[in-house]
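Please open the structure in your viewer and keep the selection panel at hand. The stops below proceed from one selection to the next.

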Amino acid sequence: MDWLEFFRGPMFQIALLVFILGMVYRFLRIVLMGWKKDYSPPRGSAAAGVVKTYVKGLGFLPFLPPKFPGTRHRPLTYIAGGMFHLGLFVVIFLSTPHMEAWRSVLGFGWPTLPTPFIDGFAAMSMIGMIILLSNRIVSPVGRMLTGLGEWLNWIVVFLPLLSGWVLYHHLFGMPYQTIFAIHMFTVDWLLIWIPFSRISHFMTYFITRTMHGAKFGRLGVEP
Amino acid sequence: MDADRKLAQYYLQHADGWLVAQLDVCARCGICAEACPFYLGTGDATHTPIRKIEPLRRAVQENLTAFGWLRSLFEKGGSSAQEVSDWVSEAYFTCTVCNRCSLACPMGIDLGALIQLTREGLAAAGMTPHSLADAVRRQDATGSPLGVTRTLFENRLDWLRQEEGVDLPLDVPEVDSLVAFTSIELIKFPGNLAAMAKVMEAAGESWTLSSTGRESVNFATFSGDTEEQTEFVRRLTEAALELGVKRIILTECGHAYDTVRRIASRLYGLPLPFEVENILETIVRFLREGRIRLRPDAFAGQRITFHDACKLQRLGGLIEQPREILHLVAPETFVEMTPNREAQWCCGGGGGVLASPEADEIRMKAFLPKVEQLERISPDAVVTACSTCRLQFLDGSKYYDMDIDVRGITEVVAAALETETPKGA
Amino acid sequence: MTEKTIYESMVERGLSRRDFLKLATLMTAALGLEYSQLPKVVHAMENKPRLPVIWLEFQDCAGCSEALTRSHDPYLTKLLFNDISVDYHETLFAAAGKQAEENKERVMDEYEGQFVLVVEGSIPTKDNGVYCTIGGRSAIDLLEEAASKAMAIISVGTCASFGGLPHANPNPTGAVGVHELVKDKPIIHVPGCPPIPEVITNTIAHVVLLGEIPELDALGRPKAFYGQTVHDRCPRRPFYERGQFAESYDDKGAKAGWCLYKLGCKGPTTYSACATIKWNEGVSFPVQSNHPCLGCTEPDFWDGGGFYKSLAAPPGAEAARGAQAGFASLGGAALAVGSALYARKIKQKAAEEFKAQKKKEA
């Protein structure tokens with residue numbers, strides 16, 4: 001079995017299983033630890049708060065809301081973060097090769113976007129990532145908050161984007177098998193690393209955001 | 001017992017799925033800092049909100065996560081005295097618990113609640129800063145953090161009755177409303193009480209003050225001492241029950257509204273045996289029932305703006321009430337600051353910061369975003385519904401040499417009352 | 001059966017020098033050599049005798065031989081069949097039985113170290129190789145004998161090169177390619193299922209006529225024919241670049257000639273000359289006929305995840321679905337329960353310690 005077969009086959013299998021196990025663990029751990037009931041007298045609806053908070057967070061480009069108070073002084077993190085996340089989601093879910101990969105995991109597929117669009121979003125995502133990394137190095141808050149975990153997370157997410165780009169565009173005259181194997185290797189590592197790291201925030205986001213919306217909706221204030 | 005152990009004891013007791021999720025989801029993006037007046041006023045990254053909860057984060061990470069536990073095996077020795085002192089400083093002197101960071105957080109992390117929990121742990125470990133701890137002790141002993149005893153209280157009321165010629169009923173049972181104000185107002189802004197009395201009279205409200213339930217301020221909320229916090233609220237609510245009132249009206253205090261409602265619901269369950277109303281809601285109620293009327297020419301020619309107090313507006317939801325009022329008294333000249341409403345910049349004085357002399361310098365820096373806001377619209381007066389904000393604005397406008405009037409909303413309403421007899425009562 | 005050089009035997013048959021040079025030029029091109037190599041080709045044919053070829057078939061379907069007979073290059077085929085003695089070929093021979101076998105033995109002995117051994121089909125190794133026997137002798141045995149006396153070996157077809165179909169999961173006969181059994185002779189792999197006829201003939205011609213091994217890639221395949229992928233020369237490539245893919249065999253995209261990536265085309269990972277030389281006298285090749293490339297020149301293409309599964313669909317995902325994913329979830333859940341119980345214990349302990357501490361301080 002050559003490297004490509006290995007990274008697409010047994011290692012992908014293991015990576016996927018580790019991912020599932022890890023994410024189920026992280027999710028259920030929070031749910032099973034429970035939380036306190038809110039005894040404050042309700043002034044509004046928790047459900048309305050939940051809807052509102054998701055519309056604010058996902059209704060515009062993720063993290064590009066003109067209403068958020070933080071953006072006035074330095075919109076950089078918001079905009080670069082939005083570029084990165086939007087690009088990533090489009091590439092992961094709406095590109096044809098990835099949709100085929102999802103189909104082999106889920107059993108069903110969906111319509112996808114033409115390649116030039118995906119190219120644009122992938123480029124946008126990588127540029128966003130580079131901006132965010134520079135921010136972590138240059139800004140005082142960024143420097144203070146960035147540790148080994150953040151570096152690793154960045155690398156583990158950037159490499160699949162980069163190698164996927166090289167792969168799809170047949171860059172550097174590399175044999176397709178080689179760069180395909182590299183891409184699958186980086187993807188395997190991403191899958192394995194996610195449940196062990198803060199990248200899992202894409203799942204926890206839905207818990208905390210819902211809690212936030214419910215609490216503030218119930219309080220009758222803006223979530 | 002060392003500091004880390006003491007703190008961990010408190011935090012771990014309260015560790016549940018909510019706490020783990022909040023700490024888990026932080027992506028270290030730093031957007032919370034962009035929303036914090038203390039960071040923006042100083043440019044000092046150590047005031048990043050997510051860092052203010054460092055002792056809490058550390059306790060949970062080291063005891064409840066696999067990686068954290070592994071790391072703790074290597075990083076022995078615990079936290080240094082300097083670190084602990086920094087934690088205290090960050091949690092108490094560079095944060096007003098305004099919750100702006102929580103509003104900005106893309107992950108929906110409830111930073112205000114986390115910082116409050118951090119304070120609670122520090123308080124339980126006996127690390128509350130002296131000035132706050134003293135104030136709590138005074139409130140416990142005398143009923144007021146400023147030391148306003150019952151006697152002093154009653155004397156002051158007498159003086160005010162004479163000085164302003166207002167009726168201040170005390171301990172009258174079976175009335176509709178118990179009005180609870182703050183000893184801050186009693187000492188520093190007595191005009192508030194006179195104004196409030198005038199508005200009550202004009203509306204024909206049946207109301208009283210209470211000698212036992214005379215303090216709505218709760219310094220234990222600032223210090224994080226949960227037992228005392230409950231005790232202070234109980235004094236107020238017991239007075240209300242004893243008097244048999246329908247509602248408690250809280251005057252111009254930021255944190256009282258949330259604190260009283262939340263703790264009362266814990267003491268008495270829902271529905272509460274009485275309503276808890278803020279003076280803003282009271283005034284709007286009077287206006288809508290036609291019990292008072294305001295003159296639209298009361299502040300003719302004066303540019304007035306409104307400062308949203310963090311606890312009343314962002315966390316209390318009383319956003320449109322002050323605007324309803326101010327649009328009536330200054331229909332042509334009311335201007336909004338930018339940003340406003342729930343995104344309004346915190347003044348930098350709340351959450352106990354104003355009460356701590358150690359924070360005097362930094363709270364002036366935290367006032368800088370407000371200076372910028374005001375300079376952009378150049379109002380003649382800024383109106384607020386929170387006495388701490390009012391004090392901070394007075395200090396800040398002097399510090400930055402600003403020519404601006406600082407007003408409480410009750411005084412504004414009283415000054416604009418139409419003098420013909422209104423309907424009702 | 002000859003000591004005459006190739007040129008001499010051609011002259012004997014009536015070809016002029018000019019015809020010979022024309023032939024040599026055509027052959028140089030067919031072998032994928034540069035024009036500057038022509039003198040070398042001429043020299044080889046002038047000085048080297050024809051090499052005999054022994055063609056052995058083992059666990060095969062004879063498809064490669066069938067392909068060989070479809071080679072349309074007139075000159076080379078004629079050359080091969082007229083001027084090169086294929087001294088043993090089970091399928092193509094009229095002769096059979098002991099006589100044919102004896103003939104083979106004789107040629108091998110007479111031209112020991114000089115003949116070219118062509119092998120078609122995989123060699124079963126399980127149970128002492130009992131699954132393929134000819135004349136009572138196992139394929140392992142026959143291969144060993146022939147290989148030891150050959151000058152060089154050409155494995156024609158994916159079966160002889162890499163094991164092919166019999167080698168696919170679960171490989172019940174223990175089938176292997178020639179190179180797994182023969183370690184001491186030069187082996188050229190000409191994989192394909194079957195290989196393009198011209199690739200077979202041209203490779204054999206290169207060895208037999210020039211007496212040398214052509215330049216090979218990392219998998220031992222002639223670079224002249226296996227140097228580029230089907231994808232790199234595919235006429236449907238612009239559709240790939242634009243992301244226009246056929247969803248089924250007869251949809252609008254398929255009719256318009258769109259890329260077959262989603263239908264499972266393995267073009268990007270398959271090194272073969274299908275898109276350039278093509279099949280049936282250059283008429284077409286699978287993709288052009290609207291069928292995805294199977295990747296048949298690559299080792300283990302049968303087990304590569306599925307002919308009709310896109311390259312982007314990892315076989316590991318299929319394997320992990322269903323029961324395995326279920327177990328992983330249960331595992332995660334069990335860990336979570338354990339973690340939550342542990343957290344509760346810590347909480348209780350902290351509460352007790354806190355109470356005790358408070359009492360002490362009071």
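Begin by selecting chain A and chain B together. Their contact draws on 41 residues from chain B and 44 residues from chain A. The model is a predicted one.

Now colour chain B by domain. The assignment gives domain 1 (3-127), domain 2 (131-288) and domain 3 (304-415) of chain B. Select domain 1 and domain 2 of chain B: their C-alpha centres lie 33 Å apart. The contact between these two domains involves six residues from domain 1 of chain B and five residues from domain 2 of chain B. Which helix gives the most to the side of domain 1 of chain B that touches domain 2 of chain B? Select residues 111-124 of chain B; this is helix 10, and it supplies five residues to that side. By class, the side of domain 1 of chain B that touches domain 2 of chain B comprises three nonpolar, one polar and two charged residues.

Proceed to strand 7 (residues 381-384) and strand 8 (residues 405-408) of chain B. These strands run parallel and are joined by four bridges. To inspect the pairing, display Ala381(B), which stands opposite Asp405(B) in strand 8 of chain B.

Turn next to the contact between chain B and chain C. Here eight residues come from chain C and nine residues from chain B. On the side of chain C that touches chain B, five residues are nonpolar, one is polar and two are charged.

Chain C is divided into domain 1 (6-226), domain 2 (229-321) and domain 3 (323-362). How many Å separate the centres of domain 1 of chain C and domain 3 of chain C? Taken over C-alpha atoms, the separation of these two centres is 71 Å.

How values were computed: Residues are numbered from 1 along each chain as its sequence is written. Chains are lettered from A and ligands numbered from 1 in the order in which they are written. This is a predicted model: local features need pLDDT of at least 70, side-chain atom pairs count only at pLDDT 80 or more; totals for chains, interfaces and linings use all residues. Two residues are in contact if their C-beta atoms, placed from the backbone, lie within 7 Å. Domain bounds come from an automatic or database domain assignment. Helices (H or I, at least four residues) and strands (E, at least two) are DSSP runs, numbered from the N terminus. Ala, Val, Leu, Ile, Met, Phe, Trp, Tyr, Cys and Pro count as nonpolar, Asp, Glu, Lys and Arg as charged, and the others, Gly among them, as polar. Two strands pair if DSSP finds at least two bridges between them.
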